[in-house]
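Hi everyone, thanks for coming.

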Amino acid sequence: MAAVSTTAQDEAVEICRDLVRIDSVNRGNGDGNERAAAEYVAAKLAEVGLEPTLLESAPGRTSVITRIEGSDPQRPPLLIHGHLDVVPADPADWRVHPFSGEIVDGSLWGRGAVDMKDMDAMTLAVVRDLLRSGRRPPRDLVLAFVADEEAGGTLGARWLVDNHPQLFADCTEAISEVGGFSYTVSDDLRLYLIETAQKGIAWMKLTVTGRAGHGSMTSDDNAVTALCEAIVRLGRHRFPIVLTPTVRTFLDSVGEALGIEVDADDLETTIAKLGPIARMIGATIRNTANPTQLNAGEKVNVVPGEATAHVDGRFLPGQEEEFLRQIDELIGPAVRRDWVVFDQALETGFDGPLVDAMAGALKAEDPAARAVPYMLSGGTDAKSFSRLGIRCFGFSPLLLPPDLDFAGMFHGVDERVPVESLRFGVRVLDRFLAAS
Ligand SMILES: [Zn+2]
């Protein structure tokens, strides 16, 4: 098979730059606009003979879907999905303007550079190269560039799955963001973290009602006090450690790679040795519940009749019921709990031909590569696509410099991706597709 061209590698950088320059900020609550980015993507696909479909869930909330015929029509298609929206960025905080797509110090800077216009661009570049050179992937590919991931996908992936499931109906596997990036152990060993699991989302609103009254009088039924007691119990609680198969395999692999003993009784110490990814991995050994918003009262001398709080809860695969039981026990019967967002946790095995294709493609481009499974503490559009029975992986391959705080790039200030990482990603994706 002919290798991917240098043109494709150049193109990934150009496309990523173009996409960063297109403002597709998603402020949540329906305030976003992906149309310009979607039209740009559709034009890039049309240029190589594809006939992409643009679908709008609401004005400006555009997603692009296309299908590429593989050489074996008997095989089920592979889905590659990427979101087109980005979170806001305040130029005042940045070293370069977040929508400039400037290349400084060998990196392409801007909002979306790693989340996830990089993967959108790499996918486009690889597919364009494939079609231009007359090659065919072994199986059909479904490409989905979608709106609204940063607000939970209600107007993007979730909407597509609910309203146009036939577009994905026969897809069995998918790749997308937050996986496939390197973690350097030494010059001759780099772990590439493939996402095979992600925590569930349980965003909740807690409400306590009490007796409203004058702030000067005794108040034994104060909603603010009762809510705060519940919030303190929840926020201070350390949920028990539960290792799912993904996290167990990950910790064993890391322990072996670093030559450290993984102490089951003191996992925090082991995880702390992981440096920049410690915060992300640390959240995958237990359920978590972080209080994030408080609201009550309007005036200092009025006891309000109601107090509310929002809590960002995340639960491990298989822990949904246990988590709810723990939460309810902590907040107590006087607190009402309502879901703001509730979405499933995911976990799939680190095995099978597709995993072999990922590991093989990485190894071919980086002899020091060792692919390992890991769990994402956040959530992605994979939650929506997995409702269709699709096995979802995070695989957006990047060879990263060892000192880059990659986890901090996501939604962070000075988000950037090394140009060489993009070029590497194109080469790996091309090999992966050929072997998939
Ligand atoms: Zn993302």
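So, at what angle do helix H3 and helix H13 pack? Keep in mind that what you're looking at is a predicted model. H3 covers residues 117-132 and H13 covers residues 419-435, and the answer is about 55°, with the axes 9 Å apart. That angle makes H3 oblique to H13. The crossing, by the way, is right-handed.

Who's touching whom there? On the H3 side we've got Asp118, Met119, Met122, Thr123, Val126 and Leu130, and they meet Leu422, Gly425, Val426, Leu429, Asp430 and Leu433 of H13. Sort the residues of that contact by type and you get 8 nonpolar, 2 polar and 2 charged.

Okay, on to the metal. Which residues coordinate the zinc ion? They're His83 through NE2, Asp115 through OD and Glu177 through OE, at 1.8 to 2.1 Å. Along the chain, the donors follow the spacing H-x31-D-x61-E. Take Asp115 and Glu177: they're 62 residues apart, so this pair links distant parts of the chain. Asp115 sits in the loop between strand E5 (107-109) and H3, while Glu177 is in the loop between strand E7 (173-176) and strand E8 (181-186). Both Asp115 and Glu177 are buried.

Last stop: Thr196, over in strand E9, residues 189-198. Is Thr196 buried or exposed? Its relative accessible area is 2%, so Thr196 counts as buried. Leaving aside neighbours within four places in sequence, Thr196 has contacts including Thr246, Glu347, Phe350, Tyr374 and Phe393.

Definitions and conventions: Residues are numbered from 1 along each chain as its sequence is written. This is a predicted model: local features need pLDDT of at least 70, side-chain atom pairs count only at pLDDT 80 or more; totals for chains, interfaces and linings use all residues. Side-chain values use heavy atoms; hydrogens and water are left out. Axes are lines fitted to C-alpha atoms, for helices over the stretch in contact, and angles run from 0 to 180 degrees between N-to-C directions. Helices (H or I, at least four residues) and strands (E, at least two) are DSSP runs, numbered from the N terminus. Angles under 35 degrees count as roughly parallel, over 145 as roughly antiparallel, 65 to 115 as roughly perpendicular and the rest as oblique. A crossing is left-handed if the near helix is turned anticlockwise from the far one by less than a right angle, and right-handed if clockwise. Contact means heavy atoms within 4.5 Å. Ala, Val, Leu, Ile, Met, Phe, Trp, Tyr, Cys and Pro count as nonpolar, Asp, Glu, Lys and Arg as charged, and the others, Gly among them, as polar. Donors are N, O and S atoms within 2.8 Å of the metal (3.2 Å for Na, K and Ca); water is not among the atoms, so sites may look incomplete. Buried means under 20% relative accessible area, exposed over 50%, partly exposed in between (1.4 Å probe, protein chains only).
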